[in-house]
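Q: Please take a close look at a single part of this model and describe how that part sits among its neighbours.

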Amino acid sequence: EMIILLKSEFQLAKTAETAQIYDGLKGIQTARERTLKIMKKGDEMWIIGISKTPYEGCMTPYFKDFHKRRSKQGIKCKYLYNEYAREFAKESSKFSNSEVRLMNKGLVTHAWLEVYAYTVTIGINLRKSLSIVIDDKDIADSFKVYAKLLWSISKPL
């Protein structure tokens with residue numbers, strides 16, 4: 001009976017470790033780099049709710065470098081930007097394996113979502129910089145549904 005109880009607690013502990021927090025700008029980069037490690041050519045990622053704030057400061061060169069490497073690796077990306085971040089959206093549209101759309105005017109989101117493989121990452125770079133990474137296939141699949149819905153009501157660049 002004690003062994004069965006320990007086994008069930010072990011299973012609970014094993015499945016409970018589904019979220020990690022990466023702090024600071026370096027944390028945002030560390031969380032983003034995971035995509036290149038777990039995705040392969042032909043896979044697709046969604047980045048939803050991108051505003052100007054992730055790019056303010058020193059992140060622009062990093063994001064450009066990341067997306068060059070991502071597109072070279074053959075990983076597809078669908079970006080959904082806030083309308084007021086149109087200039088960054090135009091830059092993103094230049095990468096191969098990329099599709100870009102804009103959310104309706106007036107929608108401003110400072111936190112963004114990255115959905116890929118079995119992972120959802122929530123990022124923010126406003127007052128505080130961090131990424132929360134959730135590894136759970138059911139959660140990722142659910143967020144892909146939300147991403148597709150938002151994509152369907154957004155407008156091409």
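Which residue stands opposite Lys76 in β3?

A: Glu44 stands opposite Lys76 in β3. The model is predicted, so local features need pLDDT of at least 70 and side-chain atom pairs count only at pLDDT 80 or more, while totals for chains, interfaces and linings use all residues. Residues are numbered from 1 along each chain as its sequence is written, and side-chain values use heavy atoms, with hydrogens and water left out. Helices (H or I, at least four residues) and strands (E, at least two) are DSSP runs, numbered from the N terminus.

β3 is paired on two sides of the account. β2 and β3 run parallel and are joined by six bridges; strands pair if DSSP finds at least two bridges between them. β3 and β4 also run parallel, with five bridges, and Cys77 stands opposite Ser98 in β4. Together with helix α4 (residues 86-92), β3 and β4 make a right-handed β-α-β unit: with the strands pointing away from the viewer, the path from the first strand over the helix to the second runs clockwise.

Five of the six residues of β3 are buried, so the strand is largely enclosed by the rest of the structure. Buried means under 20% relative accessible area, exposed over 50%, partly exposed in between (1.4 Å probe, protein chains only).

In α5, Ala140, Ala147 and Trp151 are buried, and what covers the buried residues of α5 includes β3 (76-81), where contact means heavy atoms within 4.5 Å. The face of α5 turned away from its buried side carries the exposed residues Asp138, Val145 and Leu149.
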